[in-house]
Amino acid sequence: MFILRRFAVAIPTLFVVSLLAFWFVDLIPGDPALHLAGNMATEDELADIRHHLGLDRPPLERYMLFLRGVVDPEIATSFRTSRPVVLEITERMPKTLIIAIGGLVIGLAFGVVTGVICALRQGGWFDAVVTVLTLAGISMPIYWLGLLCIWLFAVNLGWLPAAGAATPAHYVLPVLVVATRPAALFSRLVTANLLEVMGKDYLDTARSKGLSEHVVILRHALRNSLIAAVSVAGVQFGGMLGGSVVTETVFGVPGLGRLLVSAVSSSDYPVIQYSVLMFAVFFVLINLATDLLGQWLDPRTRDYTAA
Amino acid sequence: MHPRLATLRRIARAPKGLIGLLLVGFMMILALFGAWLAPQDPYAQNFMATLQPPSAEHWFGTDQLGRDVFSRILLGARTSIGIGVGGVAVAFVIGVPLGLAAAYLRGTFDSLLMRGVDILLSFPDIVFALAIVAIMGPSTLNVILAVGIVSVPVFIRTTRAVAMSTLAEPFVEGSVSLGCSPLRVMGRHVLPNMGGILVTLCSLLFASTLLNASGLSFLGLGTQPPEPEWGTMLGESRSYIRTHPYMATFPGLFLALSALGFNLLGEELRNIYDPTSARRRRGQGLLARLLNGGRALPVPRETAAQARARAETVGDAAAIGRDLEISYLTDKGPLPAVRGVDFALRRGRTLAVVGESGSGKSTLLRAVATLLPRGQALVSGGSLRIGTEEVSALSGAQVQALRRQHIGVVFQDAASALNPVMTVGAQLAEAITSGRRMSPAEVRDRSIALLKAVQIADPESRLDAWPHQFSGGMKQRIVIAIALAQEPELLLADEPTSALDVTIQQQILTLLRQMQKERDMAMMLVTHDLGLVARYADDVAVIYAGRIVETGPVEEVFRRPRHPYTRALAASTPKLRHGGGTRMLPAIDGEPPMLGQLPPGCAFAPRCARSGGRAVCTTRAPELTRCGKADVACHFPDETESLHAA
Amino acid sequence: MNQILSAVRSSFRARTVAASLLLATALPLAAIAAPEGELRIAVGADATTFHPHVNSLPVGNTVDGLVFQQLFRIDADNKVVPALATDYGWSEDGMTFTVSFETGHSFTNGRPVNAEAVAASFNQLLDPDSGSIYAGLYASLGKAEAQGEDTVVFHMAEPNGHVLMLLANSAAGIIDTEANAEMGAEYGRKPVGSGPYMVEEFIGGERFTLVPNPDYKGARPATLERVTFMAVPEDGSRMALLETGEVDIVDRVPAESIPTIDALDSASVILPDSMFSISMEMVLRGPLEDKRVREALNISIDRDGMVQGILGGLGTPSQGQVGPGTEDALRVTFEPKPYDPERAKALLAEAGFGPDSPLELRVNCPNGRYIKDSQVCQALTGQWQAIGVKATPNVLDLPSWSAAHQVPIEERSYDMSMIGRATAGIDFTVYRLFRSGVSANTTGFNNARVDSLLAEGRATTDLEEQKKIYAEIQQIVWDEMPFVFLWYQKQAIGIADTVTGFTIRPDETMLFDTVQVSVDG
């Protein structure tokens, strides 16, 4: 019921996104026909191509076609490849998801573990090392880290392939590189939240039950301190999907980010429009998942959101 | 001193903060004056000297166009720092007010705003930035706008989430219902509560904003050449990463150092504005760690005196303290809060510990509960025995077993003593199963029995409920049930009713007393409410400035109070012996002494009407001595004094 | 071969060309052996489609050259040679062009490559509604008609002396229109052709593989068991693949990586010419209408210095607008423009520009389109500033850079823009760049003599006459300097030592006719 209602609420959002996405492509400079025909084409040739692409139709008609394309993949085709956009997207989505989810999970795991240790050992050497590492993690451009990793692990040590997406081994470096930023972010968030939670009475209640300090921290303190981290994780995940382009370029992984950026640079309107729409749907789902997770973690929010 | 200067001094005192402050200051100077400091023309090309390694002439070498990298770094500071600071400022200025407004107004505004955030986030950063650059043309200002707007949703969501939870706190709800203006509520209650997280967020976003900008440069959308900017310089030099590594080193280093500086500064600011984190951090100083010896619990090694005390313990006592000293760890060393205290908690009897705030009564209770805050306080002298065990000699696991089977604790505020994110049943089950194996059915039966015992109706269905679904009194009953889970001999109640209203107070205390009698437990009841002492306790210990000044059976102490402090208390509550209603601890002239600033001699002397300036009172501290059925710590226990009108 | 071709061209009645004989001499014996070995190639660009009518990328040209057969083709020496064609000729009025070709070939689905199939393929290429982006370029071919089993007749829309060049381009690959209709857009990924290889697998944006076509009976049989292409846009990552031995060939080696690769024991870099001719195309208005100003700008830049210092040697200073390999039979070259800043200053002064009234120039450059483009932009403006020109570089993202050229001349917000031109065929190149009123003519160049020469050059099919005409056009352009001519790019290809027989044409199309990979390197 709650989930259904959330979807109902999402529909106007998606409608606005579809309008924006549609209107948006016109703002990006560049002529799809010119991209197809190259810079030597004549005006007549360009006009023919525009006609073939349906760009000479009135905007309202184009928008209606765009909406129809959501349910009819045959009319939603890429300008560059003429294939249905849904095929182009589904072909690339798993790669982006593997890297984004893998990076988020590893980053979250590393961030939580180090965050907890840092909170318990404030001012110790571990705290210092993690602080330096996380700072390095968030101050290093991804493409730099990526290139250095390729140089070290692929070229010098020969442990992993340098680029591509053919085998699981190809995903190790991109996932680890992508994980650096969430790892750094979560490490700090968890440390900060945990320090706040550590003063709460219910931890003493738990201790008075005779629980070990590990159980007290893991079962009682951590869960409370994760509530804020979860909402950040949702935002992060959305950002990782969108920001995947740099990693995908460096590691030669054909994912959504690269699809989108090459579509932008070659004015492949349908791919841009439907990708943005898909990102919006994704985001609605992530939001829902974040909220459900947050409610699972924090029962106090249930009554409010369900009311 | 000006408060801001004071903050600066506090930052500078911590090494991390000092480094952060210096780095940020350095970067700011570069940003403001870098253009004038540049030794060479940052734009001048020289094809005869491209890709030179660092030398005396070109400190940081030259780039692919033969330009002086050092000069470009200096000039680039303005743009780079500008992008970082500007981007965060854009996000902050837009995001925080919107987030606050959403949390305060809720309803339509909130849902519309959150939909807007959804829409904003649906457009991937790169596309968004591309659109901004496309519409307005590529320039540094537009890059700032682009990277700033990309971070707005993070600020809105965080601010909204924190503000909502703060607004739900009772004290804030109170001021809202009293009609305080929204701005005042925000300024007084909400913003101070989120200061820490906002500062952390800003410092983290500063670095990521710089990186986003350099990501834009990677795609050819950032600050456009020949304008120097660290991110762009780094991006341009990436194809030289192998052959001319020094080209990227310097912009990378400056980028990382500025990120580092802002992060360290942000962290220190958080410590200052967020009292919980600051206290903990200091508590875990070198001294604390030395004193702890890395052990799980802050218990010092047994001394010879303690061993002796251990040998002469009394048989039926559930807990005995001898010459107990409990200290807080401060920057200036351990500070005793409880000094030379002797007490015994006997099965079947309740000892009430009475005193003003800060007298050390709760500290004493926590020590007996083995729950002194780790790294902040410890038993620094004397002996504490629980059952037959000397606490200081126990290992961490033994202490846990002790807590499980021998000690039950009821806390002051039931609302915060229950974990909000676990069901009541789970928290109860945890207490029941701790240290032993039981089948789920057994656990359930036991839980229900416990809830019944504390008089909670319909316990079967209540097990799956969450703490926030119970009233304050019910929560305290659950806390009591948890305390009783493994049939302890010792029940410790720390002002168990101060957060409850009067009728509920009576019920809870009656329940506690009943439980104590039924199960033949020893109970320690810490309170500042004398009315309760008369009705619910067998013995009383009056504590002042960390010492017991008078102790004995309740009737004896209240009928014939001998210590001037006790007398003042008793006299100011005339109906005490009739036991009607509750009586708060009466006001006595003068202030209780500050911890660590105790007067020499008797700590009560400055407020004592009886002392009359006698030398012994201000030079020698009185020992507890037997007077009738009670023990009194006064040089002149049998005198009376003319009391001030009470 | 050129002699044979010119002989053929010189007479209107066709003379039979012994195509099989010709090809037999060009073919090494090794190619007859069974295909063996796998060749792995990492390229910088994502292939989008292999449909010859839609493809515009060099990597697509490479694949189309292997997957499809053509009537004519461009060989490794960059000359137009007959492929399937056995005989061809024009009618008297130049309005009918007839080609006979070798039969007995079939598409991989078994359909024969007969006159009907060839005519259908060309008619689809000529139909803009099919999505063909080359319909305009090939429009002069008019309509194709099958004649018997082995002859196709083009009913020309207008006479065109450059038909062979058009037919030799990869866009003229013979597709199976029926299979295309059945498969729709998938045809662009797994095209059904009749060439020596076929596409086995295509994973969008990641890689695609070619395997030998077992039914191929032509003169260029596959030499490799498998060819795998990977798309890796980031230069550093692509180079790492060659270093680790994960691929055998990488394209677009950045200049600064050449020493690293050459230092490897297992690979080295070759630097073939590229057809890409890079120039600053001026907007001919205001001060730039003055030829002295244009000359001053042309002679005040140190091309050799920039080629060595910035491009890392990946260029050759321009010797004419038309790049190498753009139909060598008609291309002429000149002395590169000198580097003479003093004379440039004098010319500027003569044109009325001095310290008090400096010439102002807004210089547009793309970022990441041509070799070191944004750096060249900064270097150029630096050198013009040195002769007193107030030149400001304006480095743009690709869409904005490209959009700027579409604005009418009067409304342009810049004075010159860096553009690279690479087009097969002289006629195509100079007609579109220098004919007045053509939209690819970004400068507004308008020269009556050039316009009439361009018309003449199209009308004639006589090679000698064409040579004269196009030489004059190129001379005029070189003298009038509507562009600041910079250089021709060079390609830089990293090749493992195990690979032999690899060639790449100036149009960046790779040829695998004789490639072999030795297993032990």
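In this predicted model, 43 residues of chain A are in contact with 50 residues of chain C. The size of an interface is often given as the accessible area lost when the parts come together. For chain A and chain C, the area buried between them is about 3600 Å². Carbon and sulfur atoms account for 57% of that area.

Charged pairs also occur across this interface. The rule finds 6 salt bridges between chain A and chain C. A:Arg83 and C:Glu186 form a salt bridge, with their closest N and O atoms 2.8 Å apart. Polar contacts were counted as well. Between chain A and chain C, 11 residue pairs are in polar contact, with both residues at pLDDT 80 or more.

Several helices of chain A build the side that touches chain C. At least two residues each come from α2 (32-37), α3 (43-53), α5 (85-120), α7 (142-156), α11 (244-250) and α12 (256-265) of chain A. The largest share belongs to α3(A), which supplies 7 residues. By class, this side of chain A holds 21 nonpolar residues, 12 polar residues and 10 charged residues.

Confidence was examined for chain B. The mean pLDDT of chain B is 77. A value of 70 or more is reached by 83% of its residues. Where pLDDT is low, the predicted coordinates should not be read in detail.

Methods:
Residues are numbered from 1 along each chain as its sequence is written. Chains are lettered from A and ligands numbered from 1 in the order in which they are written. This is a predicted model: local features need pLDDT of at least 70, side-chain atom pairs count only at pLDDT 80 or more; totals for chains, interfaces and linings use all residues. Side-chain values use heavy atoms; hydrogens and water are left out. Contact means heavy atoms within 4.5 Å. Buried area is the accessible area (1.4 Å probe) that two parts lose on being put together, summed over both. A salt bridge is a side-chain nitrogen of Lys or Arg within 4 Å of a carboxyl oxygen of Asp or Glu. A polar contact is a pair of N or O atoms within 3.5 Å; within protein, one must be able to donate a hydrogen and the other to accept it, and residues adjacent in sequence count only if both atoms are side-chain atoms. Helices (H or I, at least four residues) and strands (E, at least two) are DSSP runs, numbered from the N terminus. Ala, Val, Leu, Ile, Met, Phe, Trp, Tyr, Cys and Pro count as nonpolar, Asp, Glu, Lys and Arg as charged, and the others, Gly among them, as polar. pLDDT is the predictor's confidence in each residue, from 0 to 100.
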